[in-house]
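User: Hello! I am new to reading protein structures. Could you walk me through this one?

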Protein chains: 2
Amino acid sequence: MIFTDCSSSTTARLLPLSRQHGVVTLRRLLVCPLNVGPPSRSFPRIRTLTFHSSTSPSPVLAASMDTEASAKVIDGKSVAKQIRDEITAEVSRMKDAIGVIPGLAVILVGDRKDSATYVRNKKKACESVGINSFEVQLPEDSMEQEVLKFISDFNDDPSVHGILVQLPLPSHFNEQNILNAVSIQKDVDGFHPLNIGRLAMRGREPLFVPCTPKGCIELLHRYGISIKGKRAVVIGRSNIVGMPAALLLQREDATISIIHSRTKNPEEFTRQADIIISAVGQPNMVRGSWIKPGAVVIDVGINPVEDPESRRGYRLVGDVCYEEASKIASAITPVPGGVGPMTIAMLLSNTLVSAKRMHNFQ
Amino acid sequence: MIFTDCSSSTTARLLPLSRQHGVVTLRRLLVCPLNVGPPSRSFPRIRTLTFHSSTSPSPVLAASMDTEASAKVIDGKSVAKQIRDEITAEVSRMKDAIGVIPGLAVILVGDRKDSATYVRNKKKACESVGINSFEVQLPEDSMEQEVLKFISDFNDDPSVHGILVQLPLPSHFNEQNILNAVSIQKDVDGFHPLNIGRLAMRGREPLFVPCTPKGCIELLHRYGISIKGKRAVVIGRSNIVGMPAALLLQREDATISIIHSRTKNPEEFTRQADIIISAVGQPNMVRGSWIKPGAVVIDVGINPVEDPESRRGYRLVGDVCYEEASKIASAITPVPGGVGPMTIAMLLSNTLVSAKRMHNFQ
């Protein structure tokens with residue numbers, strides 16, 4: 001049995017997004033466990049939550065989906081595993097050939113539990129592929145200057161090939177100052193404006209591509225889904241997913257449209273799309289009727305919705321109503337187990353790319 | 001009588017663009033003087049040409065357009081004049097208040113006549129508003145190092161607030177190296193990837209916006225055309241016009257689609273657009289049937305087409321078939337006299353902005 005709350009998404013107009021920090025920022029949305037119509041006015045009760053994006057899918061849920069769906073399931077978990085295996089092999093080859101081990105430094109300021117979980121997961125992921133990880137944990141009341149000093153040290157440290165400042169930073173920090181201090185050569189998150197500029201420009205190459213959109217495109221590539229000449233609609237224009245995803249699709253000669261909270265009748269755009277990438281953080285917003293038969297759907301949203309029948313009290317759903325969409329699309333990413341696991345895989349990939357570039361290792 | 005060759009644009013698929021350098025890169029297209037049907041296979045004969053973009057419209061042509069068109073004519077020449085008057089006043093106010101005169105340095109390498117004309121026009125435009133201009137002319141066989149030395153000197157010179165390297169450079173130059181050497185603080189062309197990155201990112205501000213797309217948006221603003229929530233289609237994805245124009249429209253909450261040489265059935269996109277910006281360099285490509293009634297059309301193309309009946313042997317047409325479009329659109333820029341004159345006005349504006357910023361002058 002699949003719980004669905006697709007019917008709770010009754011508006012065709014996107015709601016303004018909450019600011020996204022880190023890998024994925026999520027909303028807790030109280031929903032009814034079954035299709036019981038749209039929520040009342042005072043509903044949903046929203047608070048932002050961050051969840052680790054590579055949470056494993058419930059086997060029961062995955063099995064149910066498979067029997068009902070006609071679309072090919074784009075298995076991000078399996079692709080991410082494959083990529084991690086490839087990275088493991090490359091890290092080992094590099095170590096054997098030139099004695100260099102890629103290194104990722106992560107700076108965590110404050111005591112947010114979700115951020116601590118992210119950092120722990122990144123550390124574990126590094127270990128699993130043989131990448132060295134360096135971690136700095138600073139108290140909530142640290143000064144900007146202290147963080148800048150660590151960044152500066154990591155910038156100069158030849159054993160560090162990637163630097164990542166876990167967001168969000170405590171409110172007394174100027175996030176832009178901190179992020180700008182990370183050397184462009186070690187900006188494995190790919191969020192530096194210089195990287196984004198190069199991503200936008202024809203004939204220029206970014207040093208790093210932001211991890212989540214890179215993961216989306218990698219899934220399309222690995223599933224042999226052609227992009228050139230296709231109509232692609234990106235839902236959401238965030239700096240970390242929507243905008244760079246659109247730029248990446250355009251670099252591969254898709255015709256892109258970017259829809260967002262100010263777009264009227266977004267479904268008119270999505271219905272014409274061969275490829276949809278949704279990164280908006282609205283549970284089940286994209287209904288089956290929004291999708292052209294045969295389209296490919298990449299769902300970046302990882303939205304926790306309360307579910308009293310779940311052991312954890314909630315479950316994760318995407319921006320797309322999977323149950324409906326999987327009957328119409330030709331291929332679709334599930335949530336969880338779609339784009340989520342790709343983000344950390346791409347972070348590891350960017351760290352490896354950086355180490356290879358710095359040491360001119362092919 | 002208006003010469004039209006709209007019928008020579010028979011393909012609904014955009015042709016690949018030639019690389020664009022400098023303000024506008026144009027194609028010479030041999031066309032029949034009147035509607036005589038599509039050209040033969042070996043036709044058009046194309047060679048790239050650069051033309052000064054602020055060429056005055058023929059008064060006869062402008063008058064004829066007015067009588068036949070129902071669309072409001074967006075008079076770029078007049079708006080550009082108004083902006084230059086505003087700049088003149090601001091330059092004078094700044095000089096009187098703090099004794100600083102904005103300065104623009106232009107570096108010209110080689111002996112291309114069109115480039116020399118551009119540089120001369122920029123110099124004249126500076127003089128007309130009271131901005132100091134500094135010009136360096138170097139021979140075709142100059143070394144990269146020499147040019148870099150001049151750029152470095154201008155970067156350090158406090159009387160220079162904007163630096164512009166006239167493109168194209170001779171073929172032995174690495175254009176990227178040269179452009180990257182210009183201080184981001186003085187990059188009045190706005191082509192630096194850091195500027196483009198900031199333009200693409202929400203919550204970031206570019207130091208300079210590229211002149212031609214800035215001119216397009218300025219025309220929309222000055223004619224009171226609202227952008228928020230509108231569907232905008234940009235034709236062409238060049239670094240200097242199409243891509244930044246799309247990013248600017250998105251910053252103002254339009255829903256953007258970017259169509260290009262690989263887009264199938266581009267007219268399906270344009271027919272849904274409230275605002276069309278065309279920057280593709282294909283004479284009369286956008287037909288009346290491509291336009292939604294009441295749409296606003298900004299035509300960046302300045303394409304010289306041979307015209308034996310013209311005194312000069314050619315005339316300038318846009319990417320849009322003006323004759324057809326002006327009957328369907330609610331507002332449209334003519335060519336010449338539309339976007340063209342705005343480019344240099346925006347260059348002057350960027351130079352003034354730079355000087356004000358450097359001297360913290362409000």
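User: Let me begin with one residue. Where is the place of A:N360 in chain A?

Analyst: Before the answer, please keep in mind that this is a predicted model. A:N360 sits in the segment after α11 (340–358) of chain A.

User: What is the phi of A:N360?

Analyst: Start with the general idea: most residues other than glycine have a negative phi, and most peptide bonds are trans. Now the case here: A:N360 is not a glycine, yet its phi is positive, about 50°.

User: You mentioned peptide bonds. Which residues does a cis peptide bond join in chain A, and where does the proline lie?

Analyst: In chain A, the cis bond connects A:L167 with A:P168, and omega is about 0°. A:P168 belongs to the loop between β6 (162–165) and α5 (175–181) of chain A. Chain B has a cis peptide bond as well, joining B:L167 and B:P168 with omega about -5°. B:P168 is found in the loop between β6 (162–165) and α5 of chain B.

User: Next, salt bridges. How many are there over all chains?

Analyst: The general idea is that side chains of opposite charge can pair when their charged atoms come close. In this model the count comes to 28 salt bridges over all chains. One of them is between A:K123 and A:E135, whose closest N and O atoms are 3.6 Å apart. This pair links distant parts of the chain, since A:K123 is in helix α3 (residues 113–129) and A:E135 is in strand β5 (residues 132–138) of chain A, 12 residues apart.

User: And how many salt bridges are found across the interface of chain B and chain A?

Analyst: There are four across that interface. A:R237, for example, forms one with B:D253, with the closest N and O atoms 2.7 Å apart.

User: In what sense do β8 of chain A and β8(B) pair?

Analyst: Strand β8 (residues 255–259) of chain A and β8(B) pair in the antiparallel sense, over three bridges. A:S257 stands opposite B:S257 in β8(B).

User: What rotation superposes chain B on chain A?

Analyst: Here is the idea first: two copies of a chain are related by a rotation about an axis and a shift along it. For this pair, a rotation of 180° with 0.0 Å of shift along its axis superposes chain B on chain A, with an RMSD of 0.0 Å. That is the relation of a two-fold axis. In chain B, the C-alpha nearest the axis belongs to B:G197, 1.7 Å from it.

Technical notes
Residues numbered from 1 in each chain as written. Chains lettered and ligands numbered in written order. Predicted model: local features only at pLDDT ≥ 70, side-chain atom pairs only at ≥ 80, totals over all residues. Heavy atoms only, no water. Salt bridge = Lys/Arg side-chain N within 4 Å of Asp/Glu carboxyl O. Pairing = 2+ DSSP bridges. Helix = DSSP H or I, 4+ residues; strand = E, 2+ residues; numbered from the N terminus. Least-squares fit on C-alpha atoms with pLDDT ≥ 70 in both.
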